[in-house]
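Subject: Structure for you to look at

Hello,

Here is the structure I promised to pass on. Please open it beside this note; my findings follow below.

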Amino acid sequence: MNATIPHTCNVTIATEVDVHHRTALITGGSRGIGAAVAVALAQGGATLVGIHYARDSTAAEAVVERVNEAGASGVLIRADLAEGAAGAAHLATRWRDEVRRHDARGTDVLVSNAGINGAQSLSELDEGTVARVVNVNLVAPLMLVHHLSDHINDHGRVIGISSGFARIAAPTHVAYTASKAGLEAAFRAIAAELAERDITVNTVRPGVIDTDINADWINEPGARDAVAAAAALRRVGQPDDVADIVAFLASHSSRWMTGQSLDATGGTQL
Ligand code: NAP
């Protein structure tokens with residue numbers, strides 16, 4: 001739909017970046033936004049791209065191929081982040097092993113993208129779903145930065161994928177909203193400490209993006225039109241729309257921003 005603009009942006013970013021930003025780990029890199037981010041960072045000059053996934057190894061392998069075609073080395077790491085801190089610890093250990101195995105040094109870019117939506121209103125909330133959503137969307141990303149903090153190189157980048165629902169009230173997604181608002185606040189809180197090493201920490205808030213996370217409703221009659229009508233830019237977002245913003249945050253061009261949340265909703269409910 002909008003291939004020309006994002007790809008132009010990628011080329012622009014590639015020329016200036018990422019001499020510094022060579023190694024990148026993307027959680028939930030097997031599908032949707034994470035897959036687009038993995039490819040964008042490979043196109044932008046990353047040389048080693050860790051593609052983390054939980055279940056869909058076929059999709060993850062396809063992303064590795066695209067990353068390799070872009071000139072980087074893609075490596076697969078499986079970890080279930082519904083295990084929260086334990087899943088994050090396992091992922092951090094495996095990523096360190098891969099970086100060592102490739103004779104690379106540290107982590108230049110960490111993108112915490114893996115997420116689940118667990119759509120439930122207040123009356124529908126159940127303890128198991130709340131725990132799972134908070135584990136994947138908040139506990140695991142925070143503990144992953146904790147476990148990798150000494151591995152993140154000076155001048156590095158930490159980027160979290162939040163949600164427009166951290167700004168727009170979403171009665172249908174109560175636990176999800178809490179997890180994303182928590183992620184933004186936690187990342188803002190750690191930004192000062194990591195700034196001592198010139199590492200920036202920011203989050204991105206996508207609006208409705210055309211990925212599997214919305215597969216159960218986005219193709220219902222009228223759903224896409226309703227999403228488009230709510231966005232000032234009048235369409236459903238695509239994974240590349242978010243990936244290009246992440247690529248900017250991963251680049252040298254974003255060096256003077258930290259502790260911020262960037263809205264990537266196409267101006268939804270402005
Ligand atoms: P997606 O297409 O459903 O992909 C989700 C990714 O997260 C997959 O790579 C999946 O890996 C991974 N994942 C899911 N459960 C996991 C678990 N228990 N442990 C580890 N990894 C797990 O979703 P998406 O739309 O690209 O979403 C990416 C991020 O954007 C999420 O944080 C989401 O909340 C956020 N976001 C999305 C939208 C949207 O409309 N799409 C809007 C706002 C925010 P496997 O497939 O291998 O399990």
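Helices (H or I, at least four residues) and strands (E, at least two) are DSSP runs, numbered from the N terminus. Ala36, for one, has its place in helix α2.

Two notes on the source. Residues are numbered from 1 along each chain as its sequence is written, and side-chain values use heavy atoms, with hydrogens and water left out. This is a predicted model, where local features need pLDDT of at least 70, side-chain atom pairs count only at pLDDT 80 or more, and totals for chains, interfaces and linings use all residues.

Overall fold

The protein has eight helices and seven strands. Its radius of gyration is 17 Å, close to the 18 Å that the globule rule gives for 270 residues, so the protein is as compact as a globular protein of that length. That radius is taken over C-alpha atoms, and the globule rule is 2.2 Å times the number of residues to the power 0.38. Along the principal axes, the C-alpha atoms fill a box of roughly 50 × 40 × 35 Å. Of the 270 residues, 51% count as buried. Buried means under 20% relative accessible area, exposed means over 50%, and partly exposed lies in between (1.4 Å probe, protein chains only).

The ligand

Which residues come nearest to the ligand? They are Ser30, Arg31, Asn113, Tyr176 and Thr211, out of 33 residues around the ligand. A residue is near a molecule or strand if one of its heavy atoms lies within 4 Å of it. The shell divides into 15 nonpolar, 12 polar and six charged residues. Here Ala, Val, Leu, Ile, Met, Phe, Trp, Tyr, Cys and Pro count as nonpolar, Asp, Glu, Lys and Arg as charged, and the others, Gly among them, as polar.

- Arg31: a polar side-chain atom is 2.7 Å from an oxygen atom of the ligand.
- Asp80: a side-chain N or O atom is 2.9 Å from a nitrogen atom of the ligand.
- Tyr176: a polar side-chain atom is 2.7 Å from an oxygen atom of the ligand.

How much of the ligand does the protein bury? The ligand taken alone exposes 890 Å², and the protein buries 97% of that. Accessible areas come from the Shrake-Rupley method with a 1.4 Å probe; for residues, only the protein chains shown count as cover. The elements that give two or more residues to the shell are α2 (32-43), β2 (48-53) and α6 (174-195).

The aromatic pair

The structure holds one aromatic pair. Phe165 and Tyr176 form it edge-to-face, at 6.3 Å centre to centre and 85 degrees between the planes. Rings of Phe, Tyr and Trp (its six-membered ring) pair if their centres lie within 6.5 Å; planes under 30 degrees apart count as stacked, over 60 as edge-to-face and the rest as tilted. The pair links distant parts of the chain: Phe165 is in the loop between β5 (152-161) and α6, Tyr176 is in helix α6, and they are 11 residues apart. Phe165 is partly exposed, at 27% relative accessibility. Tyr176 is buried, at 10%.

Single residues

Ala36 is buried, with a relative accessible area of 7%. Its C-alpha is 8.6 Å from that of Asp244, 208 residues away in sequence.

Helix α5 (residues 127-148) holds Val139, which is partly exposed at 25%. Val139 and Glu83 are 56 residues apart along the chain, with 9.1 Å between their C-alpha atoms. Thr129 is also found in helix α5 and is partly exposed at 22%. Thr129 and Ala35 are 94 residues apart in sequence and 25 Å apart in space, C-alpha to C-alpha.

Two backbone angles to check. Asp103 is not a glycine, yet its phi is positive, near 55 degrees. Asp103 sits in the loop between α4 (85-101) and β4 (107-112) and is exposed, at 74%. Gln269 has a positive phi of about 45 degrees, although it is not a glycine. Gln269 lies in the segment after β7 (260-264) and is exposed, at 52%.

Best wishes

Conventions:
A polar contact is a pair of N or O atoms within 3.5 Å; within protein, one must be able to donate a hydrogen and the other to accept it, and residues adjacent in sequence count only if both atoms are side-chain atoms.
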